[in-house]
Amino acid sequence: MDMSLVFFSQLNMCESKEKTFFKLMHGSGKEETSIEAKIRAKEKRNRLSLLLQRPDFHGETHASRSALLAKETRVSPEEAVKWAESFDKLLSHRDGVDAFTRFLKTEFSEENIEFWVACEDFKKCKEPQQIILKAKAIYEKFIQNDAPKEVNIDFHTKEVIAKSIAQPTLHSFDAAQSRVYQLMEHDSYKRFLKSETYLHLIEGRPQRPTNLRRRSRSFTYNEFQDVKSDVAIWL
C-alpha cells in the first residue's frame, strides 16, 4: 500500500476525532451553562420567597398571625354574641375591640378604631405635661392634614382641635371621637357583624386567613349629621 495514502487516512481519522471531541466539549459547555441558569433561577425564587416571608413586607409574621388566631379561640361564642347587642357593648370588651380592629384592617380603615382607643387612653392622663405630649401625638398622627392615619372628620371639628392643641384639655378630642364613633357604628360595625371574622367567633371556629381588600369610604360625617352624639359614652 502506498505510504502516502496511509498517512492521509490517519490524518483524516485524527481530524475526525478532534471534531468529535470539540463537539462534545462544546455541547458540555452548553449543558453546564443551562444547569447554572437553572441554579440561578432557583436562587432568585428562594430570595423572593424569603422576601415574602419578611415581617416588614407583610406587616406581621406568621407567628403573630397564629397568635391572633389562638387569641380568638379563647373568646367564647356566648361572649361574642353579646357584641351584636350594641356597638358600645363590643367596645366595652377588650377582645371585641381586638376582633373589630382585625376586621377594619381588612378594609384598610383601622385608623378609626385606633384613634378611638388613643382618645380613651388620653383621657386617663393626669399630669399636665403628659396631657400636652399625648395630645400633640394624637393630633399629628390622626388629625392634622396629611397625617399618617388621618381620620375622616369635618373641617370645623378639625379646626377647633388645631386651635386648642397648644393648650389641650382632656376633652380636646371629644367631638372628633364622637364623630368617628358614629361613623364606625353606622358603617363598619354593621359589616363586621356579617363578616367571617365575627361569624367564626360566634360559631366557636378559628378564623381563616382573610384576604385584604381596599374599600372606598362611602360614608362620611355629613351623612350622620342628624345623629346626636353621646359624649357620655366615654366618660
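This is a predicted model: local features need pLDDT of at least 70, side-chain atom pairs count only at pLDDT 80 or more; totals for chains, interfaces and linings use all residues.

Trainee: How many helices and strands does the protein chain have?

Mentor: The protein chain has 11 helices and zero strands. Along the sequence, the pattern is α-α-α-α-α-α-α-α-α-α-α.

Trainee: What share of the protein chain is buried?

Mentor: Buried residues account for 30% of the 235 residues. Buried means under 20% relative accessible area, exposed means over 50%, and partly exposed lies in between, with a 1.4 Å probe and protein chains only.

Trainee: Why is glutamine 167 called exposed?

Mentor: Its relative accessibility is 68%, so glutamine 167 counts as exposed. Glutamine 167 is in the loop between helix 9 (155-164) and helix 10 (174-192). Its C-alpha atom is separated by 9.2 Å from that of isoleucine 131, 36 residues apart along the chain.

Trainee: What makes the phi of phenylalanine 108 worth noting?

Mentor: Most residues other than glycine have a negative phi. Phenylalanine 108 has a positive value, near 60°, and is a residue other than glycine. It is placed in the loop between helix 6 and helix 7 (111-122). At 33% relative accessibility, phenylalanine 108 is therefore partly exposed.

Trainee: Where does aspartate 146 lie, and what is its phi?

Mentor: Aspartate 146 belongs to the loop between helix 8 (128-143) and helix 9. Its phi is positive, near 65°. With 72% relative accessibility, aspartate 146 counts as exposed.

Trainee: How do you know that the span of helix 6 is close to the expected one?

Mentor: The expected span is 1.5 Å times one less than the number of residues. Helix 6 (residues 94-106) has 13 residues, and its reach from first C-alpha to last is 19 Å, close to the expected 18 Å. Among its buried residues are Gly96, Val97, Ala99 and Phe100.

Trainee: Why are helix 6 and helix 10 called roughly perpendicular?

Mentor: Their axes cross at roughly 90° and come within 10 Å. Axes are lines fitted to C-alpha atoms, for helices over the stretch in contact, and angles run from 0 to 180 degrees between N-to-C directions. Angles under 35 degrees count as roughly parallel, over 145 as roughly antiparallel, 65 to 115 as roughly perpendicular and the rest as oblique. Helix 6 and helix 10 are therefore roughly perpendicular. Ala99, Phe100, Phe103 and Leu104 of helix 6 meet Met184, Ser188, Tyr189, Arg191 and Phe192 of helix 10. By class, this contact of helix 6 with helix 10 has seven nonpolar, one polar and one charged residues. Ala, Val, Leu, Ile, Met, Phe, Trp, Tyr, Cys and Pro count as nonpolar, Asp, Glu, Lys and Arg as charged, and the others, Gly among them, as polar.

Trainee: What is the angle between helix 7 and helix 8, and why are they roughly antiparallel?

Mentor: Helix 7 and helix 8 pack at about 170°, with axes 11 Å apart. The two helices are therefore roughly antiparallel. The contact includes Glu111, Phe115 and Phe122 of helix 7 and Ile131, Lys134 and Ile138 of helix 8. By class, the contact of helix 7 with helix 8 has nine nonpolar, no polar and five charged residues.

Trainee: What makes phenylalanine 122 count as buried?

Mentor: The relative accessibility of phenylalanine 122 is 1%, so it counts as buried. Not counting residues up to four places away in sequence, phenylalanine 122 touches Ile131, Lys134, Ala135, Ile138, Thr169, Leu170 and Phe173.

Note on methods: Residues are numbered from 1 along each chain as its sequence is written. Side-chain values use heavy atoms; hydrogens and water are left out. Helices (H or I, at least four residues) and strands (E, at least two) are DSSP runs, numbered from the N terminus. Contact means heavy atoms within 4.5 Å.
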